[in-house]
Each structure stands twice: as structure tokens, then as C-alpha cells.
Amino acid sequence: MRRVRMLGPVGFVVMALVVAACGGDTTDTTTADGAGCGVDELDLVQPGVLTVATGEPAFPPWVIDDDPTNQEGFEAAVAYAVATQLGFTPEQVTWVRTGFDEAVAPGPKDFDFNLQQYSITDERDEVVDFSVPYYVTDQALVAFADSPVAEASTVADLKGFTLGAQIGTTSLDYIEEVIAPDTPPPAYDTNSDAKSALDAGQVDALVFDLPTAYFITAVEMPDTTIVGVLEASEAQADRFGLLFADGSPLVACVNGALEALEADGTLDALAEQWLASEGEIKTITR
Amino acid sequence: MISNRPTGLLPSWRRNARKEGARVVLISTLSTIVFAGVAIWGVLSSETWPRVREQFFSARHFQEVWPAVLSGFWLDVRMFVVAEALILAAALIVAAARSLRGPVFFPIRALAVVYVDLVRGIPLLLMILVLGFGIPALDIPGVPRSALFWGVTALVISYTAYTAEIYRAGIESVHESQRMSAQSLGLTQVQALRHVLIPQAVRNVVPALLSSFVSLQKDVALVFVLGVREGVREAQIYNARTFNYTGYIAATVLFLLVSIPVARFTDWYGQRVRRRRQAMSS
């Protein structure tokens with residue numbers, strides 16, 4: 001058993017990248033080629049306005065009430081913090097909605113950046129650009145409290161169960177690559193569908209990122225429990241990044257803003273406010 | 001006209017048709033080349049073509065995704081065969097029930113009408129979601145929970161309604177005199193349907209049935225909303241992981257490999273039926 005400290009890895013990874021990218025100068029807000037990061041200098045989709053995209057619908061705890069303009073929920077708050085850091089007023093932020101596919105299809109984008117828990121991977125980085133991570137999370141296993149799967153304490157214990165996850169998530173990759181259960185994991189369009197399948201008894205357990213797991217077990221499906229946090233190597237850590245069109249000139253400026261928010265503790269504070277949760281959770285070891 | 005045509009080995013109208021045919025082939029070939037050329041030039045000259053090619057038609061991604069899509073597609077094929085067999089049988093029963101005449105059979109007719117009206121109005125995707133996630137969640141002992149089972153069940157329920165209408169069109173296309181002569185020979189309604197009307201009806205609607213085969217063959221993929229890992233879902237999983245769409249192309253190729261032969265067969269069969277009719281009427 002260990003007490004989960006959710007924010008530890010955020011600081012580590014962001015700082016590491018900051019050091020790597022900027023030689024430790026976290027206040028640098030100009031791009032490598034010297035272009036400025038002032039509101040008037042940025043190459044925006046809509047001049048003078050920061051256009052931010054998120055999912056349709058957007059789920060808590062990332063966006064509360066599916067309305068990012070209320071600035072409530074972790075990702076909504078991060079978007080406004082980035083905007084403020086870049087010099088925009090909250091009124092200069094507009095929101096658009098994109099499906100997962102739309103956001104990554106080739107062709108012009110209608111957003112400056114998109115955030116909906118996109119995990120940063122090398123393969124994806126070939127077609128889009130990512131910011132430095134704004135959050136790093138573990139994967140957690142969720143099941144009904146009275147299910148036999150709740151007894152599991154190692155990854156090997158999970159092999160005989162049917163485990164599901166949302167399509168396109170590090171959670172699904174973790175099941176396939178690390179657990180490799182006897183039954184290939186069903187892959188659902190949304191976390192809602194995954195929950196329906198758990199309810200229907202079609203899967204024994206689901207894998208989510210930890211904040212989503214907290215929210216689901218606490219609010220949406222109170223008779224479920226977090227069986228445990230799934231142990232992962234540093235390389236498998238799930239790092240969420242802002243998604244940009246490939247080659248977007250904004251990446252350097254937004255990275256500068258994120259690094260400043262990390263350095264002054266804003267990202268940690270927002271995560272604490274919207275995502276942190278206390279409790280004893282066991283680790284399911286490999 | 002047709003009944004007047006000469007009956008020689010190579011009649012004059014066919015010799016003319018041959019010459020005419022060569023010209024038609026030439027023109028259509030040229031025009032196809034020009035059209036295809038313009039279309040291909042339009043695509044290739046696009047500034048973003050290299051990027052589109054990499055994201056949709058990448059050989060490397062194709063190789064990587066192919067085994068998963070192929071094994072998923074095999075599940076599609078099996079679902080299709082099971083579903084189609086059940087649909088053909090169930091739809092025939094519904095159509096026959098709807099074709100019964102007389103006040104005694106009113107409740108059966110009404111039931112068939114309500115079923116067809118209701119089910120055709122429900123989008124297939126909703127049917128799959130409601131049956132697939134809804135019924136297992138009721139937790140009724142003895143009722144299967146499998147997403148695959150309920151997905152195929154939803155397909156059968158939905159397609160049975162459409163297919164019953166195809167059968168019914170076939171039954172109604174058989175001339176009324178057939179029904180009456182069958183009855184005058186002492187056959188009951190059910191016997192007349194079974195031995196006289198349905199055999200002729202089915203022959204009339206084979207092309208329409210085959211066309212609905214093709215449609216079902218693609219719609220089986222919709223059970224992916226229940227998390228079932230059939231071919232399209234495997235492509236989606238790959239796309240979601242890598243942001244590359246080549247998996248969808250792999251799935252498309254597999255679906256075409258099945259649907260194009262069926263479409264060609266449908267045309268061939270339709271023409272054969274037409275020729276036979278003409279031969280009979282001449």
C-alpha cells in the first residue's frame with residue numbers, strides 16, 4: 001500500500017523538459033528564431049483571439065458541466081492560465097469543439113491548441129505537435145467492489161479477466177502491452193460507453209487515468225472502487241500535452257507559458273484544486 | 001419489338017451492334033482515361049497531398065495494421081453469415097404473415113405491420129446500443145451478457161424488418177391469378193404461399209436481397225460501438241494510437257473484396273432473369 005502522490009511526476013517531467021529545452025531559463029518567452037510572443041505577434045487562427053478546442057462533450061474533472069468558459073475543471077483552468085500567461089484576457093479566449101478524429105485529420109485546423117487528455121507519444125508527434133506536458137498521471141484499475149478482480153495485487157493476477165478501456169488512451173495500451181490479458185480488451189468510444197459495459201457485466205474491470213478513476217468511483221459509479229494504481233515504468237507514464245497543428249508557430253510561446261506556470265506552482269495548484277484526492281490505494285505491481 | 005426479332009445465328013441487328021459496340025468501348029475508354037487523369041492530377045497537385053498520402057496510404061502503417069484488421073474482419077464475416085441466415089428465415093415468416101388474407105388472420109397481420117413499422121423507424125446504431133448495453137444491465141438470470149450476441153441480435157431484428165418488405169414486394173408482384181388458381185385447386189392460404197407464391201416471389205426479388213446482403217455486410221461493423229473488436233474497430237484503435245488512417249484503407253479494401261463480387265453477381269443475375277423472361281414472352 002502507498003499513499004498516492006499524484007503531482008510528483010508533473011514537476012519532474014516538466015522541469016526535465018524545461019532544462020533540456022531552454023537551458024533552465026523559464027522566463028524566456030521568445031521563440032528560437034526571435035519572433036515575439038506578444039498577443040499581437042502570435043500567428044493565431046483568429047487574430048487577437050486565442051481559439052482553444054476541447055472534446056464534445058468534455059468530461060469532468062477536466063471540464064465541469066461541459067462548459068469550459070466557466071473556467072472550472074482542470075483543463076479549462078489550465079487553458080485560461082496559459083491564455084493569461086500569454087497576455088490574453090479571459091474574454092479573448094474562444095472555444096471550439098472537435099471530435100478526436102477531426103483534431104488530428106490532415107488539413108487546416110480551426111483551433112490554436114486542443115486539449116482533451118491527449119497523451120504525448122512519438123507516433124502521434126509525427127502528425128501533430130505537442131506542448132510540454134501539463135499533467136502526468138498513473139493508470140488505475142476500476143471494478144465493482146464485490147468483484148473478484150478487486151482482489152488482484154499483481155499484473156499477473158489480471159490476465160484471466162476481461163479488461164476494457166477507452167479507444168486511443170494510454171489505458172488501452174497499458175492493458176494490451178503490459179497486462180496482455182487472455183481476452184483482447186474491448187475498446188470503447190468514450191468512457192461513458194466503457195462504464196455501460198462494466199454495468200452490463202461485459203467487462204470485469206476498466207482502466208482509466210487516475211483522476212478520471214477518482215471521479216468515476218466517487219461520483220458517477222459509487223458502487224465501484226479503484227482496485228489499485230497500475231505500476232508503470234517512467235517511459236510508460238501518461239503525459240498529457242496540448243495538441244497543435246504540425247509545425248504550429250505557437251508551440252514555443254505556449255511552452256514558455258506552461259514552463260512559467262509550472263515554475264510558479266500554478267499547474268500544481270490547479271491540479272490540487274481539481275484533481276487531487278486523498279486515500280490509501282494499493283499499487284498493482286508488475 | 002423484341003418478339004419480332006429474327007431468329008438466325010447472327011442476326012443483322014447484332015452485327016450492327018458489334019460495330020457500334022467497338023465505337024462505344026473506344027469512346028468510353030478515352031473518356032475514362034481523361035476523367036481519371038484530371039482527377040488524379042487534381043489530387044496529386046494538391047499542396048497537402050504528401051501529408052495526406054502519409055496519413056492515409058502509408059505502406060509501413062498498412063503492414064503494421066493489416067493483421068489486426070484482417071482478424072477483426074474475419075469476425076465481421078462470421079457475424080454476417082450468422083445474421084444473414086437468421087434474417088432470411090425470420091423475414092420470410094414476417095412477410096408471409098403480412099400476406100395472409102381474411103379477417104381471421106387480422107391479429108397476425110397487425111403484429112407484422114407493427115413490427116415492420118416500429119423497427120424500421122429505429123436507427124440501427126441506437127438499436128445496437130440499447131440492446132447491447134441495456135438488456136445485459138437488467139441482470140436477468142439466464143439472459144446472455146455478451147456484446148457480440150446482442151449486437152448480432154440487433155442487426156437481425158432491424159434487417160428482418162427491411163428484408164420482410166423486400167419479400168412482401170416480391171409476393172405482391174406475383175399476379176393475383178396465381179393465388180386464385182392455387183386456391184381453386186384446393187390449396188389453403190398457407191399452402192398457396194408456400195408452394196406457389198413464395199417460390200415465384202423470391203425469384204423476383206433476388207437482386208434486391210443481394211443488395212441488402214451488401215448493406216448488411218458493411219453494417220455488421222457497427223457492433224464496434226459495444227467495444228467489439230471487429231475490423232473497423234481495429235482500424236480505429238490503430239488510428240487513435242498513431243493518428244494514422246491507413247487502417248481504414250485496409251478495412252475498406254477487405255470490405256470491397258467482398259462487396260464488389262456480390263454487386264457483379266447481382267447485376268449478372270438480374271440480367272439473366274430478365275433474359276429468361278424475355279425468352280419466355282417471345
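Predicted model: local features only at pLDDT ≥ 70, side-chain atom pairs only at ≥ 80, totals over all residues.
1. On chain A overall: of its 286 residues, 49% are buried. Taking contacts between residues at least 6 apart in sequence, 74% link residues at least 24 apart.

2. Have a look at α6 of chain A, residues 191-199. Seven of its nine residues are buried, leaving the helix mostly covered. Those buried are N191(A), D193(A), A194(A), K195(A), S196(A), A197(A) and L198(A), so the list takes in D193(A) and K195(A) as well as A194(A) and L198(A).

3. What sits over those buried residues? The cover includes, from chain A, β7 (163-166), β8 (187-188), β9 (205-209) and α7 (210-220). Chain B contributes too, with α5 (124-137) and α6 (147-173) among the covering elements. Just past the end of α6(A), check G201(A), where phi is positive at about 75 degrees.

4. Now the largest nonpolar core, which runs to 140 residues. V82(A), V142(A) and V223(B) have the most contacts inside it. The largest share of this core comes from α6(B), with 13 residues.

5. V142(A) deserves a click. Leaving out residues up to four places away in sequence, V142(A) touches A205(A), L206(A), F208(A), A213(A), I216(A), T217(A), T224(A), I226(A) and V227(A).

How values were computed
Residues numbered from 1 in each chain as written. Chains lettered and ligands numbered in written order. Buried ≥ 20, exposed ≤ 12 C-beta atoms within 10 Å, placed from the backbone. Helix = DSSP H or I, 4+ residues; strand = E, 2+ residues; numbered from the N terminus. Contact = placed C-beta atoms within 7 Å. Core = buried A, V, L, I, M, F, W, Y, C linked by C-beta atoms within 7 Å.
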